[in-house]
Amino acid sequence: MTQAGRQGSPRKRGQNSAQNNAGDFSSRGGAARGGAKGAPKSSQRKRGERPQPKGSSAAPFAGERFGRNLGPVRDGRKAPAPLPQHKPRTREEMNDDGVRLQKVMANAGVASRRVCEELIEQGRVEVNGQIVTELGTRVNPESDAIHVDGVRVVVNDHLVYMAFNKPRGVVSTMDDPEGRPCISDYLRAGTPERLFHVGRLDTNTEGLLLLTNDGELANRLSHPSYEVPKTYVVQVRGPMPHGIGAQLRRGVELEDGLAKVDSFKLVDSTPGFVLVEVVLHSGKNRIVRRMFDAVGFPVQRLVRAKIGPIGLGDQKQGTIRKLGKQEVGHLMAAVGL
């Protein structure tokens, strides 16, 4: 795996062997592996309901290492309270100026120009929400929103999207006045100075943080109206009686209101501890720890394994990698971009 950051923390204070093996913890039972064999392939979501011809050789993003098994595109373009969208352009405007659509797609890494032409002819490409099948269509890469099979095509090379596997003890800020380890300690020289981290993890929580200089995407991923799911693997002291999962799904009353998980799954159980996987879309502070405290099982260790379609997989703790274009496209589609 090509890593965009250094492996291992430059400051090893307080890290133990368990903290250096988050993959072992979060992958018990396959909970955090986003690219495991047998995962469902990405579905072909076309709002115009034009099916892909069987046997087609057109395969967008086929050369990418990450993001091949992200599952169905989660279409957030109809999310409540959406932020301003791209203004649709007329068919005449598309054909009068701009760059040929297949060229823009090829330059963005979707596929070769020939395969991009096949995708267009098969009705699998949208420009500003309209299915386009004409090869002569021209677009403005700076203002037009292009989707292939529902996946947003990223054409701006200046935008950066990264996945950071945060170790325990690292503060979720770019700089810490107290001198504690923080995100910037893991960034390589030459990385854009102004990066947003999507959401926060408390100092003792490990796992996935998304980093980007795309302010609009960061804002939408954090906006509660889009309900982007987050997956956590939780270690608590066992045994755990039946009914705890149902109680968390129904909801528990906290000091700031009712909180509940979207799903609860037992991952592993051995004498003395239990591993469970929970999915929830709430972004409230320390929400997972507070919920498990409320049902009488304080968290011993907590790892965030996924944000929306993006998972840690086997990424080593303390490393940063760039997201693949298909991963970014799925992430943007989930929040209506």
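Predicted model: local features only at pLDDT ≥ 70, side-chain atom pairs only at ≥ 80, totals over all residues.
Residues are numbered from 1 along each chain as its sequence is written, and side-chain values use heavy atoms, with hydrogens and water left out.

**Overall make-up.** I found 8 helices and 17 strands; these are DSSP runs numbered from the N terminus, helices being H or I with at least four residues and strands E with at least two. Of the 337 residues, 51% are buried, that is, under 20% relative accessible area with a 1.4 Å probe, protein chains only.

**Cores.** I looked next for nonpolar cores, which are sets of buried Ala, Val, Leu, Ile, Met, Phe, Trp, Tyr and Cys residues joined through side-chain atoms within 4.5 Å. The largest has 35 residues, and Val234, Met240, Leu248, Met291 and Phe292 have the most contacts inside it. Among the elements that give two or more residues to this core are strand 10 (230-237), helix 6 (244-250), helix 7 (287-294) and strand 15 (299-307). A second, separate core of 21 residues includes Ala163, Tyr226, Val228 and Val303. I then examined Leu248: not counting residues up to four places away in sequence, Leu248 touches Ala259, Lys260, Val261, Phe264, Met291, Phe292 and Val295.

**Helix 4.** Which residues of helix 4 are buried? In this helix (residues 113-121) I listed Val115, Cys116, Glu118, Leu119 and Ile120. They pack against helix 3 (101-107), strand 2 (125-127) and strand 5 (146-148). Just after helix 4, Gly123 takes a positive phi of about 75°.

**Arg289.** I located Arg289 in helix 7. Why does arginine 289 count as buried? Its relative accessibility is 11%. The Arg289 side chain makes a polar contact with the side chain of Asp202 at 3.2 Å; such a contact is a pair of N or O atoms within 3.5 Å, and within protein one must be able to donate a hydrogen and the other to accept it, with residues adjacent in sequence counting only if both atoms are side-chain atoms. Leaving aside neighbours within four places in sequence, Arg289 is in contact with Asp202, Asn204, Thr205, Val299 and Leu302.

**Glu327.** Finally I checked Glu327 in helix 8 (residues 325-334), and found this residue buried, with a relative accessible area of 3%. The Glu327 side chain reaches the backbone nitrogen of Gly324 at 2.8 Å.

Technical notes: Buried < 20%, exposed > 50% of the residue type's maximum accessible area, 1.4 Å probe, protein only. Contact = heavy atoms within 4.5 Å.
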